[in-house]
Amino acid sequence: MNKPEILAPAGSFDSLTAAVRCGADAVYLGGRELNARRNAANFSDEELAQAVEYCHARGAKVYITLNTLVRDDEMETAMNAVRCACDVKADALILQDIGLTSLIRKAAPDMPLHASTQTSVQTLDGIKMLADMGFCRAVLPRELSKKEIEKIAAQSPIELEMFVHGALCMCLSGQCQLSAVLGSRSGNRGLCAQPCRLAYGYGRFEATRYPLSLKDNCLIEHVRELERMGVASVKIEGRMKRPEYVAVVTKAY
């Protein structure tokens with residue numbers, strides 16, 4: 001049985017080098033547009049080329065995030081990002097908007113596609129649908145139970161990836177509208193205002209003032225279980241985190 005890939009976040013070049021030096025098998029990162037962490041430092045086209053060269057020279061893979069919903073007037077931008085990913089020889093694209101899939105399959109048939117957790121696919125039938133569309137990996141939603149993960153992993157026709165460490169939202173993956181409603185910034189467009197981290201005046205004491213803010217996820221004691229289930233990649237959240245954080249967490253896993 002293969003050990004799961006350790007997939008680390010790279011919100012900047014410093015975070016990328018920290019992840020690779022501390023043992024990451026792969027990193028995920030975004031360009032300047034159309035990714036779910038648009039407030040991270042992110043990478044220009046030239047920096048993406050440098051990032052891929054750096055990682056490939058050290059045996060690490062690079063997955064580029066194209067994981068927001070895309071408007072019709074942004075299709076040219078999206079396809080330019082796909083062209084750049086091909087030019088720099090990225091190892092996969094991470095997608096949320098399944099409407100892009102058929103276009104990418106025609107324009108770049110050899111580019112591996114990973115379905116973002118933002119696609120909100122929570123069932124085995126959904127995973128099979130993604131496989132039929134041409135995806136080779138799906139990132140499972142954080143809200144799935146151990147039993148649900150086991151059931152999907154036992155019959156999945158494609159690789160499965162799971163978040164094992166970092167921040168948790170109180171919403172269903174890919175379905176939150178709270179930031180768009182309260183902050184006029186949508187998480188589905190890469191600009192979450194994090195309203196679930198705010199105090200809402202509930203209760204008199206500090207512990208109850210943040211009823212929507214969940215504790216961070218930490219599954220480091222369960223990685224061997226995930227390996228036995230057949231999970232191919234364990235993913236660390238944190239493209240907005242400092243390089244020091246990325247280094248320590250990657251090293252721990």
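Trainee: Which residue stands opposite P9 in β2?

Mentor: Happy to start there, keeping in mind that this is a predicted model. Strands β1 and β2 pair in the parallel sense, over three bridges. Within β2, the residue opposite P9 is Y28.

Trainee: How many residues of β2 are buried?

Mentor: Let's look at both sides of the strand. A26, Y28 and G30 point one way from β2, V27 and L29 point the other way, and all are buried. Strand β2 is therefore largely enclosed by the rest of the structure, its buried residues being five of the five.

Trainee: In what sense do β2 and β3 pair, and which residue of β3 does L29 stand opposite?

Mentor: β2 and β3 pair over five bridges, in the parallel sense. For L29, the residue opposite in β3 is I64.

Trainee: Which residue is the bridge partner of I64 in β4?

Mentor: β3 pairs with strand β4 (residues 92-95) too, in the parallel sense and over four bridges. In β4, the bridge partner of I64 is L93.

Trainee: How many aromatic pairs does the structure hold, and what is the angle between the planes of F13 and F43?

Mentor: The structure holds two aromatic pairs. F13 and F43 make one of them, 6.1 Å centre to centre. This pair is tilted, and the angle between its planes is 50°.

Trainee: How many residues apart are F13 and F43?

Mentor: F13 belongs to helix α1, while F43 is in the loop between β2 and α2. F13 is partly exposed, with a relative accessible area of 28%, whereas F43 counts as buried at 1%. The pair links distant parts of the chain, and its residues are apart by 30 residues.

Trainee: What kind of aromatic pair do F13 and Y54 form?

Mentor: Y54 is in helix α2 and F13 in helix α1, 41 residues apart. Y54 counts as buried, at 13% relative accessibility. The ring centres of F13 and Y54 are 6.1 Å apart with 70° between the planes, and the pair is edge-to-face.

Trainee: Which residues form one aromatic cluster, and which residue lies over the face of Y54?

Mentor: The cluster is made of F13, F43 and Y54. Over the face of Y54, at 3.8 Å from the ring centre, lies R58.

Trainee: Within what arc do the buried residues of α5 fall?

Mentor: Helix α5 (residues 124-133) has L124, G126, I127 and L130 buried. Seen down the axis of α5, the buried residues line one face of the helix, because they fall within an arc of 160°.

Trainee: Which exposed residues does the face of α5 turned away from its buried side carry?

Mentor: The buried residues of α5 pack against β5, β6, α6 and β7. The face turned away from that buried side carries the exposed residues D125 and D132.

Trainee: What separates the C-alpha atoms of A252 and I220?

Mentor: A252 is in helix α9. A252 is partly exposed, with a relative accessible area of 48%. Along the chain A252 and I220 are 32 residues apart, and their C-alpha atoms are separated by 8.2 Å.

Note on methods: Residues are numbered from 1 along each chain as its sequence is written. This is a predicted model: local features need pLDDT of at least 70, side-chain atom pairs count only at pLDDT 80 or more; totals for chains, interfaces and linings use all residues. Side-chain values use heavy atoms; hydrogens and water are left out. Rings of Phe, Tyr and Trp (its six-membered ring) pair if their centres lie within 6.5 Å; planes under 30 degrees apart count as stacked, over 60 as edge-to-face and the rest as tilted. Helices (H or I, at least four residues) and strands (E, at least two) are DSSP runs, numbered from the N terminus. Buried means under 20% relative accessible area, exposed over 50%, partly exposed in between (1.4 Å probe, protein chains only). A charge sits over a ring if NZ of Lys or CZ of Arg is within 6 Å of the ring centre and within 35 degrees of the ring normal. The arc is that of the directions from the helix axis to the C-beta atoms. Contact means heavy atoms within 4.5 Å. Two strands pair if DSSP finds at least two bridges between them.
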